[in-house]
Amino acid sequence: MNKESLIKHKIDYQVAGEEISHELAGKMIKDHHDKHGYEESHSYTIGKTIIEQILAQPGCVGITFRDAINESGNKTLVYVGVDAKGNSILEITTVNDHGKLAVTHGMIGDRLLPYTWSSL
């Protein structure tokens with residue numbers, strides 16, 4: 001692959017996602033329910049605080065959500081910040097109080113609130 005084609009296919013992770021209409025959201029959810037059943041459909045609520053903390057990490061431009069199973073054996077999501085190249089932010093290099101470089105773990109989230117379906 002040449003340099004020109006690499007530039008054409010660069011992904012801008014910061015602008016991933018877009019607003020959709022209520023009608024389209026409802027149709028997409030209904031289509032999932034129709035195909036997989038309500039028992040296979042999950043919804044979760046994530047608080048603003050953890051989202052803001054993850055996004056505030058140096059170099060973070062977005063969040064990746066990954067399916068996971070928690071300690072109780074229930075389906076959940078694990079979410080982690082991503083940089084401009086789409087890499088998970090697992091380590092952060094900072095300068096400590098003594099002027100030395102320090103490496104800390106990037107923030108990873110879980111602990112969702114399950115949501116009971118009403119309507120969208």
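In this predicted model, the backbone oxygen of Ile54 lies 3.1 Å from a polar atom of the Gln57 side chain. Gln57 sits in the loop between helix H3, residues 48-55, and strand S2. With a relative accessible area of 7%, Gln57 falls under the 20% cut-off and therefore counts as buried. Leaving aside neighbours within four places in sequence, Gln57 touches Gly81, Ile89, Ile92, Gly106 and Met107.

As a general background, nonpolar side chains tend to be buried together in soluble globular proteins.

Let us step back to see the whole chain. The protein chain has three helices and seven strands, and along the sequence they follow the pattern α-α-β-α-β-β-β-β-β-β. Of its 120 residues, 19% count as buried. The chain exposes about 9600 Å², and carbon and sulfur atoms supply 55% of that area. Among contacts with a separation of 6 or more, 47% are between residues 24 or more positions apart.

Now for the sheet. Three strands form an open sheet in the order S2-S3-S6, with antiparallel pairing. Strand S2 (62-69) and strand S6 (108-109) stand at the edges, each with a single partner strand, so one side of each has no neighbour in the sheet. What joins S2 to S3? Eight bridges do, in the antiparallel sense, and within this pair Asp67 stands opposite Leu77 in S3. The hairpin of S2 and S3 has five residues between the strands, and Gly73 in this hairpin takes a positive phi near 85°.

On to the pairing of S3 with S6. Strand S3 covers residues 75-82, and two bridges join S3 to S6 in an antiparallel arrangement. Tyr79 has Gly109 in S6 as its bridge partner, while Val80 stands opposite Ile108 in S6.

How many of the eight residues of S3 are buried? Six are, so S3 is largely enclosed by the rest of the structure. Thr76 has its place in this strand. At 5% relative accessibility, Thr76 is under the 20% cut-off, which means that Thr76 counts as buried. The Thr76 side chain makes a polar contact of 2.7 Å with the side chain of Asp110. Beyond its neighbours within four places in sequence, Thr76 is in contact with Tyr44, Arg66, Asp67, Ala68, Ile69, Asn70, Asp110 and Leu112.

One more stop is helix H2, which has 15 residues and covers residues 22-36. At 1.5 Å a residue, H2 should span 21 Å, and its end C-alpha atoms are 21 Å apart, which agrees. Just after H2, Gly37 takes a positive phi of about 85°.

Methods
Residues are numbered from 1 along each chain as its sequence is written. This is a predicted model: local features need pLDDT of at least 70, side-chain atom pairs count only at pLDDT 80 or more; totals for chains, interfaces and linings use all residues. Side-chain values use heavy atoms; hydrogens and water are left out. Helices (H or I, at least four residues) and strands (E, at least two) are DSSP runs, numbered from the N terminus. The expected span of a helix is 1.5 Å times one less than its number of residues. Two strands pair if DSSP finds at least two bridges between them. Buried means under 20% relative accessible area, exposed over 50%, partly exposed in between (1.4 Å probe, protein chains only). A polar contact is a pair of N or O atoms within 3.5 Å; within protein, one must be able to donate a hydrogen and the other to accept it, and residues adjacent in sequence count only if both atoms are side-chain atoms. Contact means heavy atoms within 4.5 Å. Accessible areas come from the Shrake-Rupley method with a 1.4 Å probe; for residues, only the protein chains shown count as cover.
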